[in-house]
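I set out to record, step by step, what I looked up in this structure.

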Amino acid sequence: MSIYENLLLNLENGILVITINRADKLNALNIDTIKEIKAAIQQVYDDPAVKGAIFTGAGEKAFVAGADISEISELSEVNARGFAERGQEVFSMIERCTKPVIAAVNGFALGGGCELAMACHMRVASEGARFGQPEVNLGLIPGYGGTQRLTQLIGKGKAMELMMTADMIGAGEAKALGLVNHVVPAVELMPKAMEIMNKILSKAPLAIGLVIDCVNAVYDKDEDGYQTEANSFARCCSSQDFIEGTNAFLEKRKPVFKGA
Ligand code: COA
């Protein structure tokens, strides 16, 4: 029996599709769902059969319409900090995962939903997807990393505007702002996410993981990103995949990477 009540997991050809499955609540993230996302992303870390993951939402209407407001409404100052920190921890696990994680945004990505999408390494959206951080409508602010990641992705001025006006934007504007990598018709959403994922999975896995580490280092105040890059570059050069990749180029053939 599945340990997941609010997620559907489907592993195919090394790609774990994680579907938030509370369609009647527009896939709102209650605390149990956050716990399940933690378990699912831990599986991505631990299971050698999983090479990458794609997050999406059940149904046609929503990716995730935010944290579950019925639970949020019960929060007090005492437990709200822990609530935010636990969500932040899970979303940081997604961001720091050294296997690629893509968000396939199939509808509303609001509040915690936009934050979940932003924690992924990149985002593909359907034409009807809508993005926003509407927390100020509730007397709140984003609490799952949104103030930080939205600013990193689209810059200070636009991030301020979206978070202070609570405006929702469409997929086209999200792409123009750099929040979304690709916008496609709804039927092409998962195929496009899979296409990108398969392209990434055809590269050297160690190098992919180190790219993720190095890009994340830009946003880590305690890390010297250039040093991280130099160390990671050196690590690549000690790998078998580096020998295979360079030999394959010189021998005019496709490389066969082993992830070592
Ligand atoms: N938390 C809990 N339940 C939510 C939810 C959320 N974030 N978002 C939607 N739902 C529930 C609704 O309460 C409703 O449940 P019900 O059928 O039991 O009444 C169901 O999902 C469908 O939502 P509904 O509002 O009827 O759909 P809509 O098409 O009229 O509106 C939205 C869609 C996304 C605009 C609207 O649901 C909304 O504004 N949601 C909240 C978004 C938000 O503020 N997110 C940040 C939270 S911090």
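Entry 1: I note that the model is a predicted one.

**Entry 2: the six-stranded sheet.** Which strands make up the open sheet of six, and in what order? I read the order as β1-β2-β3-β5-β7-β10, with mixed pairing. At its edges I found β1 and β10 (182–184), each of which pairs on one side only. From one strand to the next, the twist averages 20 degrees.

I next examined the end of the sheet at β10. Strand β7 (residues 122–126) and β10 run parallel, and three bridges join them. Here I noted Val124, which stands opposite His182 in β10. For my own reference, strands of a sheet pair through backbone hydrogen bonds, and the pairing is either parallel or antiparallel.

I also asked which strands helix α8 lies across. The helix, residues 189–201, lies across β2, β3 (52–57), β5 (101–105), β7 and β10. Its direction makes about 170 degrees with that of β5.

**Entry 3: the four-stranded sheet.** I found an open sheet of four strands in the order β4-β6-β8-β9, and its pairing is mixed. Its edge strands are β4 (62–64) and β9 (169–170), each pairing on one side only. Strands β4 and β6 run parallel and are joined by two bridges. Within this pair, I recorded Ala109 in β6 as the bridge partner of Val64. Helix α4 (residues 112–119) packs on this sheet, where it touches β4, β6 and β8 (130–132). The direction of α4 makes about 75 degrees with that of β4.

**Entry 4: the ligand.** How many residues are around the ligand, and which come nearest? I counted 16 residues, of which Lys25, Lys61, Ala65, Ala67 and Ile69 come nearest. By class, this shell has 10 nonpolar, one polar and five charged residues.

A polar backbone atom of Ala65 is 3.0 Å from a ligand nitrogen. For Ala67, a backbone N or O atom lies 2.9 Å from a nitrogen atom of the ligand. For Ile69, the distance from a polar backbone atom to a ligand nitrogen is 2.9 Å. Taken alone, the ligand exposes 870 Å², and the protein buries 59% of that. Finally, I asked which elements give two or more residues to the shell around the ligand. These are α2 (69–72) and β6 (108–110).

Technical notes:
Residues numbered from 1 in each chain as written. Predicted model: local features only at pLDDT ≥ 70, side-chain atom pairs only at ≥ 80, totals over all residues. Heavy atoms only, no water. Near = heavy atom within 4 Å. Polar contact = N/O pair within 3.5 Å; in protein donor to acceptor, adjacent residues only side chain to side chain. Areas by Shrake-Rupley, 256 points an atom, 1.4 Å probe, with all protein chains shown as cover. Nonpolar A, V, L, I, M, F, W, Y, C, P; charged D, E, K, R; others polar. Pairing = 2+ DSSP bridges. Contact = heavy atoms within 4.5 Å. Axes fitted to C-alpha atoms, helices over the stretch in contact; angles between N-to-C directions.
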